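User: I would like to learn how to read the features of a model like this one. Could we go through it one feature at a time?

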Amino acid sequence: MGFRHKDIIALKDLTKEEIELLLDTADNLSEINQRDIKKVPTLRGKTVINLFYEASTRTRTSFEIAAKRLSADAVNITASTSSVVKGETLSDTAANILAMKPDIIVMRHSVSGAHEYLAKRVSCSVINAGDGAHEHPSQGLLDMLTMRQKFGKLAGLKVAIVGDITHSRVARSNIYGLTTMGAHVFLAGPPTMMPPGIERLGNVTVCKDMREAVDQADVVMMLRIQLERQGKTLVPSMREYSRYFGLNPAVLALAKKDAIVMHPGPINRGVELASSVADCDQSAVLKQVENGVAVRMAMLYHVCGGEPVE
């Protein structure tokens, strides 16, 4: 099957077959990252604009590397160094960028729904690199790829996601993607950071205690507290948060022996994740970063009309 979407806005919009196609393509393209000369001519002549209204290290860098490894021309624009600081609206920014005839706009924005708004106003493809507390589809895909490489499947896995669920776009993309692929997601976090009704999104169980979520889990995914989205602190202190919702060796021992630890980054060591866990053999954090390049190569490839890669 081919990929029939002009844009990739949310994993909620993708079928199981489309997610599998993106993961299979990423798996195949990951071989390029192991070569001495890490470049193929697949997207030669294409132009990718990375338009970031929020700070980013891993996502922006890996989208840029992904574009260059497929021989596309990548241009980076940050809000702090663009006409946005002069009052230019998103619509006007998009119109001006579109006049330069790009093929893909990769955007991160603080407002949920900004990408859908943009996609309706431009003829080129739009890829969501994170919008507010809505979704982060490329992170969800790279997380699923990392799990599939470890366990050979996604269906039937118990995945514990712990932390600030309310404000996490990573949590939402993983919930949509993992439940579509047949995994069972267990959520844990402070009551003030757990949105009501989230269990209706799929095969999701909300746990009152972190240990319940981690018990016999195949994957333990820790989330950063999104202080920049809260407007106020929703827990008494970081010390108390770490005591009840931080992953340490004792809590990790409740998971399966071959369980992996994941984190979308950046890690707040000593808060949601003890350094001894972040650096242990079960940590897949750096593997997630590595897979991010392959996944984003696959996303760029398919919105440009690419066929399945053998």
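**Reading the helices, pocket and loops**

Analyst: Just after H12, Gly 305 has a positive phi of about 90°. Helices (H or I, at least four residues) and strands (E, at least two) are DSSP runs, numbered from the N terminus. This is a predicted model: local features need pLDDT of at least 70, side-chain atom pairs count only at pLDDT 80 or more, and totals for chains, interfaces and linings use all residues. Residues are numbered from 1 along each chain as its sequence is written, and side-chain values use heavy atoms, with hydrogens and water left out.

User: What follows H5, and what is its phi?

Analyst: Gly 152 follows H5, and its phi is positive, near 75°.

User: How is the length of H12 read against what is expected?

Analyst: The expected span of a helix is 1.5 Å times one less than its number of residues. H12 has 19 residues and covers 27 Å from first C-alpha to last, close to the 27 Å expected at 1.5 Å a residue. For H5, the 15 residues should span 21 Å, and the end C-alpha atoms are 21 Å apart, which agrees.

User: Where does H12 bend, and by how much?

Analyst: The bend at a residue is the angle between axes fitted to the seven residues ending there and the seven starting there. In H12 the bend is about 25°, at Asn 291.

User: How many residues of H12 are buried?

Analyst: Buried means under 20% relative accessible area, exposed over 50%, and partly exposed in between (1.4 Å probe, protein chains only). In H12, 15 of the 19 residues are buried, so this helix is largely enclosed by the rest of the structure. H5 is mostly covered too, with 13 of its 15 residues buried.

User: Which helices supply the lining of the second largest pocket?

Analyst: On a 1 Å grid over the protein atoms alone, a cavity is a set of points where a 1.4 Å probe fits but cannot get out, and a pocket is an open set with protein on both sides within 12 Å along at least five of seven lines; lining residues have an atom within 4 Å of a point. Helix H2 (58-69), helix H5 (137-151) and helix H12 (285-303) each give at least two lining residues, and H12 gives the most, with seven. The lining has 18 residues, and Arg 58, Pro 264, Val 285, Gln 288 and Val 289 lie nearest the centre of the pocket.

User: Where does the second largest pocket lie relative to the domains?

Analyst: Domain bounds come from an automatic or database domain assignment. Domain 1 (11-135 + 291-303) and domain 2 (137-289) both give residues to the lining, so the second largest pocket lies between them.

User: What kind of peptide bond joins Gly 265 and Pro 266?

Analyst: The bond is cis, with omega about -5°. Pro 266 is in the loop between strand S9 (260-262) and helix H11 (275-278).
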